[in-house]
Amino acid sequence: MKVFVTGATGYLGSTIVEMLREKGHEVLGLARNDAAVEKLEALGVLSHRGDIEAPETLAEGARRADAVIHTAFIHDFDAYAENARLDETAVRAMATALERTDRPFVVATGTAGLEPGVLATEEDTLLPGTARQSEVALQWANRGVRACTVRLPPTVHGPGDRAFIAVLMDIARRTGFSAYVGDGTNRWPAVHRLDAARLFVAALEKALPGQVLHGVAESGLPFRAIATAIAERLSVPTRSVPPESATSHFGWLSFIVPVDNPLSNHRTRATMEWEPREIGLLEDLRAGTYD
């Protein structure tokens, strides 16, 4: 298949591209600029000029392909609501372009919009008012699109990660301690980048229209354990910060640090024949991946 991949030069998307090519698929990668075009060409990947802020260019890319994997997102959390709106518009544009084609459309989304404090399954829906609405893609499952979503946990870890865990490491270096909120018993699910990429490829080939998948290898690590692993790696102490001080300590990251977000992946593993096999988050931290 020719697969249009948004986020093709990004942290997760670039790994998905490599795996698609290993399996014999042709990749058409979204490229925002000349640098992205050059990067894709160096990998032997076709490029499609476009931008998440120009949905018509994404629709054109979708029409050029036999399938679409959407992983692009503007990771500016100071403007999260606006970026989530852009993402939803992009998803709608690509889904509309794929209507009545029976082509696969695999969309990345997050888990933070699920009900906190309970073990969420693939059957659970996002809470009303959740900013990120990329699961709107599922509405096209009855319109001739094999649309499915892969929910990703707060941390997709591994070499090259510059997201939440890398930021937590930087905060601990700057402040001299690794923090958690309250008693730190809130749980973060996690998945290694390679395991996540394998799931996207499996979803492309096997997922049913309307299916929701949980791209999670570890269902929920106590955040205090994550903070402790960071502290041990940096040789700094751990310390609790009260909820009212979370914003001043963690900055923009304070919206996700206290979240209790345990997830089940049983249905995903069974239907996709997917078994995570990479090292866990704590092992990744202790191995020096984030040094």
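Biologist: Leaving aside its neighbours within four places in sequence, which residues is Ser-14 in contact with?

Modeller: This is a predicted model, in which local features need pLDDT of at least 70 and side-chain atom pairs count only at pLDDT 80 or more, while totals for chains, interfaces and linings use all residues. Residues are numbered from 1 along each chain as its sequence is written, and side-chain values use heavy atoms, with hydrogens and water left out. Ser-14 lies in helix α1, where helices are DSSP runs of H or I with at least four residues, strands are DSSP runs of E with at least two, and both are numbered from the N terminus. Taking contact to mean heavy atoms within 4.5 Å, and setting aside the neighbours within four places in sequence, the partners of Ser-14 are Gly-7, Ala-8 and Thr-9.

Biologist: Is Ser-14 buried or exposed?

Modeller: The class follows from relative accessible area with a 1.4 Å probe and protein chains only: buried is under 20%, exposed is over 50%, and partly exposed lies in between. Ser-14 has a relative accessibility of 15%, and therefore counts as buried.

Biologist: And is Ala-42 buried or exposed?

Modeller: Ala-42 lies in helix α2, which covers residues 34-42. Its C-alpha atom is separated by 25 Å from that of Val-156, a residue 114 places away along the chain. Because its relative accessibility is 68%, Ala-42 counts as exposed.

Biologist: How is helix α1 oriented to α6?

Modeller: Axes are lines fitted to C-alpha atoms, for helices over the stretch in contact, and angles run from 0 to 180 degrees between N-to-C directions. Helix α1 (residues 13-22) packs against helix α6 (residues 193-206) at an angle of about 55 degrees, and their axes are 9 Å apart. With angles under 35 degrees counted as roughly parallel, over 145 as roughly antiparallel, 65 to 115 as roughly perpendicular and the rest as oblique, α1 is therefore, relative to α6, oblique.

Biologist: By class, which residues does the contact of α1 with α6 have?

Modeller: Thr-15, Ile-16, Met-19 and Leu-20 in α1 meet a set in α6 that includes Leu-194, Ala-197, Phe-200 and Leu-204. Ala, Val, Leu, Ile, Met, Phe, Trp, Tyr, Cys and Pro count as nonpolar, Asp, Glu, Lys and Arg as charged, and the others, Gly among them, as polar. By that scheme, the contact of α1 with α6 has 8 nonpolar, 1 polar and 2 charged residues.

Biologist: What do the buried residues of α3 pack against?

Modeller: The buried residues of α3 are Thr-57, Leu-58, Ala-59, Gly-61 and Ala-62. Helix α3 (residues 55-63) and helix α4 (residues 80-98) have axes that come within 8 Å and cross at roughly 35 degrees. The buried residues of α3 pack against β1 (2-6), β2 (26-31), β3 (46-49), β4 (67-70), α4 and β5 (103-110).

Biologist: In β4, which residue is the bridge partner of Phe-4?

Modeller: Two strands pair if DSSP finds at least two bridges between them; β1 and β4 run parallel and are joined by 4 bridges, while 3 bridges join β4 to β5, also in parallel. Both faces of β4 are covered, with Ala-67 and Ile-69 buried on one side and Val-68 and His-70 buried on the other. Ile-69 stands opposite Val-106 in β5, and Phe-4 has as its bridge partner in β4 the residue Val-68.

Biologist: Which strands stand at the edges, each with a single partner strand?

Modeller: An open sheet of 3 strands has the order β7-β9-β11, with mixed pairing. Each edge strand has a single partner, so one side of it is left without a neighbour in the sheet, and these strands are β7 (155-157) and β11 (218-222).

Biologist: What angle does the direction of α7 make with that of β11?

Modeller: Strand β9 (residues 187-192) pairs with β11 in the antiparallel sense over 3 bridges, and Arg-187 stands opposite Pro-222 in β11. Helix α7 packs on the sheet, touching β9 and β11, and its direction makes with that of β11 an angle of about 70 degrees.

Biologist: At roughly what angle do the axes of helix α5 and helix α7 cross?

Modeller: The contact is made by Ile-165, Leu-168, Met-169, Ala-172 and Arg-173 of α5 together with Phe-223, Ile-226, Ile-230 and Leu-234 of α7. By class, that contact has 8 nonpolar, no polar and 1 charged residues. Helices α5 (residues 164-175) and α7 (residues 223-234) are therefore oblique to each other, as their axes come within 10 Å and cross at roughly 55 degrees.
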